[in-house]
Amino acid sequence: MTLVFHNLRKQYGSHVAIDDVSTVFQPGLIHGIIGPNGAGKSTLINMTAGSYLVSGGRISLDDRTLSGLKKYQIANSGVARTYQNIRLFDQMTVLENLEVCFYPTQVGQVWREILWPPFAAKRRINRRDVCMELLSFFGLQHYADAEAGSLPYGRQRMLEIARALVTNPRVLLLDEPAAGLNHHETTELTARLAELKSPDRIMIVVEHDMDLVMSVCDRIVVMHHGKLLFQGTPAEVQASSDVQLAYLGTANDIDDIKTAAKDRRAQLGIRARRRT
Ligand SMILES: Nc1ncnc2c1ncn2[C@@H]1O[C@H](COP(=O)(O)OP(=O)(O)OP(=O)(O)O)[C@@H](O)[C@H]1O
Ligand SMILES: [Mg+2]
């Protein structure tokens, strides 16, 4: 299984946000996408999940071309995502936020559930078990009956990731999962992400928190002004003078990159909290 960007391009009007990006994402690895503000990271996630159309090039998962498919078709191909700004169903309970995600991929089962109550009851229990297991994994089991919107911000971030995992996706796309989290929460998230790594799953994490990226990612793509500037292991990225230039406009070492990224993350956290 591989997810491939083939000469991807995205234009918003006359603005070229993604310019000829080609790369390969493999299962069993956590792929980081980093880059300064406006580099095109979220645009890559949005095109992969089908939220935005591609303007040129192609995205494929194995032999299937994803770009051009509808969002639900891409989801049914095994792609799930979280958003840079949390998008939960605030008025539903924590458990309902997960349970509701069972339905879209199993529309064919709806009639069976309606016509045969024992089948519906069995599936309801199964659904609940899977969801409770996921909630426990993220330490959210005690919040199961609370309204999602009432959860502390850090718990909402975890809930969003749990929700993305309900369908057991082959491709998990996380757009700034650590935005707005405090140090303790980020450490917890880092541990959870490492545990989610699986030979059957491609994980892509867009992130500004360099400690998280450098500790949990196996491969990193560095975006700059819509172009793929560099790709390699965390060590190779840290050693790249091109990356240092992109972040800082001057060649400096990784500590300066981390500081620059943290400043950016702090701004984002404030912005994210304000929006939710
Ligand atoms: N819906 C849109 N309409 C018009 N321009 C957009 C849209 N979404 C993104 N852009 C522009 O495309 C470029 C890339 O944006 P994108 O959100 O992908 O960057 P990013 O790397 O995720 O940045 P950040 O780190 O701030 O989240 C930016 O110049 C942005 O202003
Ligand atoms: Mg973004």
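Q: Is Trp111 buried or exposed in this one?
A: Trp111 counts as exposed, because its relative accessibility is 59%. The cut-offs are under 20% relative accessible area for buried, over 50% for exposed and partly exposed in between, with a 1.4 Å probe and protein chains only. Keep in mind that this is a predicted model, where local features need pLDDT of at least 70 and side-chain atom pairs count only at pLDDT 80 or more, while totals for chains, interfaces and linings use all residues. Residues are numbered from 1 along each chain as its sequence is written, and side-chain values use heavy atoms, with hydrogens and water left out.

Q: Thanks! Where does Trp111 sit?
A: Trp111 is in helix α4, residues 107-115. Helices here are DSSP runs of H or I with at least four residues, strands are E runs of at least two, and both are numbered from the N terminus.

Q: And which residues make up the nonpolar patch on the surface?
A: That patch consists of Val110, Trp111, Ile114, Leu115 and Trp116, and together they have about 590 Å² of accessible area. Patch members need over 30% relative accessible area and no salt bridge; nonpolar side chains (Val, Leu, Ile, Met, Phe, Trp, Tyr) are joined within 5 Å, like charges within 9 Å. The areas come from the Shrake-Rupley method with a 1.4 Å probe, and for residues only the protein chains shown count as cover.

Q: New topic: how many salt bridges does the structure hold?
A: There are seven salt bridges, each defined as a side-chain nitrogen of Lys or Arg within 4 Å of a carboxyl oxygen of Asp or Glu.

Q: What does Lys227 pair with?
A: Lys227 meets Asp19 in a salt bridge, at 2.5 Å from N to O. Lys227 lies in strand β10 (residues 227-232) and Asp19 in strand β2 (residues 15-25), so this pair ties together parts 208 residues apart in sequence. Lys227 is partly exposed at 43% relative accessibility, and Asp19 is partly exposed at 22%.

Q: What about Asp62, which residue is its partner?
A: Asp62 bridges to Arg170, with the closest N and O atoms 3.3 Å apart. Asp62 is in the loop between β4 (56-61) and β5 (64-65), and Arg170 is in the loop between α6 (153-165) and β7 (171-175), so parts 108 residues apart in sequence are tied together.

Q: Last one: is Glu188 buried or exposed?
A: Glu188 counts as buried, at 18% relative accessibility. Glu188 forms a salt bridge with Arg155, the closest N and O atoms being 2.9 Å apart, and Arg155 is also buried, at 13%.

Technical notes: Chains lettered and ligands numbered in written order.
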